[in-house]
Each structure stands twice: as C-alpha cells, then as structure tokens.
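Student: I would like to go through the labels used for this structure. For each one, please set the value against the definition.

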Amino acid sequence: AIAATGKIYLDGGSNTYITESSADRVKIFVGGDELVNIIEGSTNLFRLSDSVKGTFGNADDLQIYHDGSNSYIQNEVGDLQIFNKADDKDIILSSDDGSGGTTPYITLDGSAEKIIINKSMRFADSVNAYFGAGQDLQIKHDGSNSIIKANGTGNLTIRQDTADADILLRCDDGSGGIATYLTLDGSATKVQIDKNM
C-alpha cells in the first residue's frame, strides 16, 4: 500500500508512473504525459486523453481516438465491418437534428429486413444512383440535366397502383409556371392531352 496521491514509478525514472490522483481515480503517465484516467463511481470511466489512440491488432490496424475537436474510427488493413447479431434488432446512425436534439438518419432494420432513410439524401452532380445487380437502372443529375436511364435490360415502367389516381406529365408552361401536359386518368380510364401536340 502507498499513501493517497502517491506514485509508483517505473523504469527508475520520474516521468512514467501510476498514481491515485484522488479517491477512486487512478492515472497512468508515460513520459510525463497523462495517457489513461480510470474513474470509479457513478461514472465508471476508462478515459484515454485527447489524441491518445486506442489501438487493436499487432500493427495498430484499428484506431479509435478523439483529438480534442473530433472523434475518429480509423482502419488501416482490410474491411471495416459492423455487425449486430441480436435477433430483430437494428443498427442506427443518428446525428444532430438541427434543433439541439438527435434523430436517426439511417436505420438498418433487422426485423423488417430493410434500410430506412429518415432524412433527405443528396447525390453530388454526375454521381449515379444504381439499381439492379447489373446497374440496370441509373438516375443522376449531371450539373445541367437530369437523367433516368434503363441500362440495356428490360422495360422502363412507370406504374401507379393507387385506386382512381393519375399519372401526370408536367413541365414549364412558357410563362414561369408549371402546367400538366399529359394525364393518364386512373378514375376515368383515359389519356388526356392538355396541350397542343
């Protein structure tokens, strides 16, 4: 036993030591720098100081740290995989909601077997959204125009399954507004041409 706030020095020097800095709080210093702070009590923390990396693997392949401003999970070798093996549970990516709280942005729903997007998703110019194993459907905006492209496989189908609802083809009306040019009228079961052909 050593007295409170006493130090256990290592390697015969004065810069590397273990100390109980206060009741139920142990700190580890290496080379004069505080690297680890272990706190027992209501918090029960194992704290690494700013910019001290918690590493995993013989070559420090996975690193987790906070630099005083931002937090990082950094992988140096192979894939970075995140698993949830609990039955019917989710992986939830949450962030600030713009009003001081947090909200889920992306949920990998284990019970429903689907990905739920709760906030708008923006694709940069000329970045494709692909659908199909062979990238058969492509949607993008190239900075000037928007493009929906069926990439050489099958038909491109536009379908409306709501009873008595319509499919509308709308465009600029020549005076800064928007007008309907073509209507597939589901309740009247007819095609209505609203502009001259």
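Student: How many salt bridges does the structure hold?

Tutor: The structure holds two salt bridges. This is a predicted model, in which local features need pLDDT of at least 70 and side-chain atom pairs count only at pLDDT 80 or more, while totals for chains, interfaces and linings use all residues. Residues are numbered from 1 along each chain as its sequence is written, and side-chain values use heavy atoms, with hydrogens and water left out.

Student: What makes K27 buried or exposed?

Tutor: Buried means under 20% relative accessible area, exposed over 50%, and partly exposed in between (1.4 Å probe, protein chains only). K27 has a relative accessible area of 18%, so K27 is buried.

Student: What makes β9 and β11 edge strands?

Tutor: Strands (E, at least two residues) are DSSP runs, numbered from the N terminus, and two strands pair if DSSP finds at least two bridges between them. The open sheet of three strands has the order β9-β10-β11, with antiparallel pairing. β9 (91-96) and β11 each have a single partner strand, so one side of each is left without a neighbour in the sheet.

Student: How do you know that β10 pairs with β9 and with β11?

Tutor: Six bridges join β9 to β10 (residues 102-109), and four join β10 to β11. I91 stands opposite L108 in β10, and the bridge partner of I106 in β11 is I117. The hairpin of β10 and β11 has four residues between the strands, and E113 takes a positive phi near 55° there.

Student: Which residues make the nonpolar surface patch?

Tutor: L108, I115, I117, M121, F123 and V127 make a nonpolar surface patch of about 550 Å². Patch residues have over 30% relative accessible area and no salt bridge; like charges are joined within 9 Å, and nonpolar side chains (Val, Leu, Ile, Met, Phe, Trp, Tyr) within 5 Å. V127 lies in the loop between β11 (114-117) and β12 (129-131). At 37% relative accessibility, V127 counts as partly exposed.

Student: Why is K89 called exposed?

Tutor: K89 is at 53% relative accessibility, and therefore counts as exposed. K89 is found in the loop between β8 (71-75) and β9. Not counting residues up to four places away in sequence, K89 touches N84, L108 and G110, where contact means heavy atoms within 4.5 Å.

Student: What is the strand order in the sheet of five strands, and which strands are at its edges?

Tutor: The order is β1-β2-β3-β4-β5, in an open sheet with antiparallel pairing. The edge strands are β1 (7-9) and β5 (45-48), each pairing on one side only. Within this sheet, β2 (residues 17-22) and β3 (residues 25-30) pair over five bridges, and E20 stands opposite V26 in β3.

How values were computed. Accessible areas come from the Shrake-Rupley method with a 1.4 Å probe; for residues, only the protein chains shown count as cover. A salt bridge is a side-chain nitrogen of Lys or Arg within 4 Å of a carboxyl oxygen of Asp or Glu.
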